[in-house]
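Please consult the sequence and coordinates shown here alongside the text.

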Amino acid sequence: MPVPHTGPGEVDINYGDESIATVTGASSGLGFEIARALAMTGVRVALVCRDSARGASARENIARSSPSATLDLFVADLSSLSAVRRLAAEMRERLTRLDVLVNNAGVVKLRREETVDGLEWTLSVNHLAPFLLTRLLMPLLEASRGSRVVNVSSDAHRGVTLDVDDLQSLKGYDAFLAYQRTKLANVLFTYALSRRVAGNGISVFAVAPGMAATEIVREAPPWYRLEWSLKSRPASEGAATPVWAALAPELSGKSGLYLRDGAVVDSSPESYDVALQERLWVDSMGLTG
Ligand SMILES: NC(=O)c1ccc[n+]([C@@H]2O[C@H](COP(=O)([O-])OP(=O)(O)OC[C@H]3O[C@@H](n4cnc5c(N)ncnc54)[C@H](OP(=O)(O)O)[C@@H]3O)[C@@H](O)[C@H]2O)c1
C-alpha cells in the first residue's frame, strides 16, 4: 500500500503504477476533488458518474492537471439497484483489482421521493448503493493487499438514531433528518463491514469532510445556498481527509475508524451500537435483494 504522505492536504505519494482507486460521485464537489487529488499521486482512478457528459468533462479537467494519469469513466445512476449491479459487473470486467473504493456520491432531497425500486431516495443513494456496490466489489478489493474502503459520511450523523421500523421515512419525512440518518448509516455500515473483512486485510473508514462548498444543497433556495457557500471551506479542502483515509501509511493495518480533519475521532454514541449495526446490515441485505 501507500508510501510517504505528510498529512491531509499535503499529499506526496508514489502509490505505484498498478494501484487503482474508484470514486463515486466524481463529477462534482468533493468526489471530483478526491479523484483529482488521487490522480495527482499517480493512482489510476475510476470515476463513477451519473451523467456521461458531466463525467467526461470531469475526466478532461482532471487530465489537464494530471496529464499522465490513467482515468477510467463508469456511468451509473446509483439510485437504481440494477444500475449498481451493472456498474459492479462492468468494473469487475474492466479492472483487475481495487486498492481504494471511495463511496462518496450523496444527495439531500427536499421532498420524499422514491427510486425506480420504490425505495426512499436518500436512503437508496446514500446508504443502499454503497452497501451493495461495496459487497459486489469485494473480489476486486480482495485482489489487492491492504485495500481500503472510504465511506464519506458527515458530522451531521451526530444527534440522531435510526428508526429501524421506518427506514424509508413512510411515517413522515424531514429532509435534513433523512440525510442525517443516512450519514449515520454510513458509519454503522463502516463498523459492521470492518468486522466482516478484518481477516482479508481490507480497511474500512468513515470520513467527515467538514462543511464544503459543493452542490450538495442544490435543491435548497438561493439564499440558503449562498449562506452555505459562505460558511463552507472549498471542496478541495473538504477532500483532504477522504484522500488521507485512502492513502495515509499511518492508517495501514487500522480499520473501523471515524476520521475528521486528518485525525481519528469518536463518532456518535449511537454509531457504536452493535445491535443497530447488525440490524441495519440485515435490513440492507433485504432491501438490496
Ligand atoms: N458538502 C458538504 O458540506 C458535505 C459535508 C459532509 C458530508 N458530505 C458528503 O460528501 C459527499 C459528496 O457530496 P458533495 O458535497 O460533494 O455534493 P455534490 O457536489 O452534490 O456531489 C454529489 C455527487 O454525487 C453524485 N450523485 C448524486 N446522486 C447520484 C446518483 N443517483 N447516481 C450517481 N451519482 C450521484 C452527483 O452527481 P451529479 O453531478 O450527476 O449530480 C455528484 O457527483 C456526500 O456523500 C455528502 O453527504 C458533504
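Predicted model: local features only at pLDDT ≥ 70, side-chain atom pairs only at ≥ 80, totals over all residues.

## Nonpolar cores

The largest nonpolar core comprises 43 residues, and those with the most contacts inside it are Leu 87, Met 91, Leu 95, Leu 98, Leu 137, Leu 162 and Leu 193. At least two residues of this core come from each of β2 (44-49), α3 (81-94), α4 (121-136), α5 (138-142), α6 (175-197) and α10 (274-287). The greatest contribution is that of α6, with 7 residues.

Leaving aside residues up to four places away in sequence, Leu 137 touches Ala 88, Met 91, Arg 92, Leu 98 and Leu 101. A second, separate core of 35 residues includes Val 23, Leu 47, Val 150 and Leu 257.

The whole structure contains 20 salt bridges. One of them joins the side chains of Arg 44 and Asp 72 at 2.9 Å, N to O. Arg 44 lies in strand β2 and Asp 72 in strand β3 (residues 71-75), 28 residues apart. Arg 44 is partly exposed at 24% relative accessible area, whereas Asp 72 is buried at 10%.

Glu 278 and Arg 196 also form a salt bridge, with their closest N and O atoms 2.6 Å apart. This pair links helix α10, which holds Glu 278, to helix α6, which holds Arg 196, across 82 residues. Glu 278 is partly exposed at 24% relative accessibility, as is Arg 196 at 37%.

Salt bridges with shared partners connect Asp 155, Arg 158, Arg 233, Arg 260 and Asp 261 in one network.

Within helix α3, Arg 94 and Glu 90 are 4 residues apart and therefore separated by about one helical turn. Their salt bridge brings the closest N and O atoms to 2.8 Å.

Conventions
Residues numbered from 1 in each chain as written. Heavy atoms only, no water. Core = buried A, V, L, I, M, F, W, Y, C linked by side-chain atoms within 4.5 Å. Buried < 20%, exposed > 50% of the residue type's maximum accessible area, 1.4 Å probe, protein only. Contact = heavy atoms within 4.5 Å. Salt bridge = Lys/Arg side-chain N within 4 Å of Asp/Glu carboxyl O.
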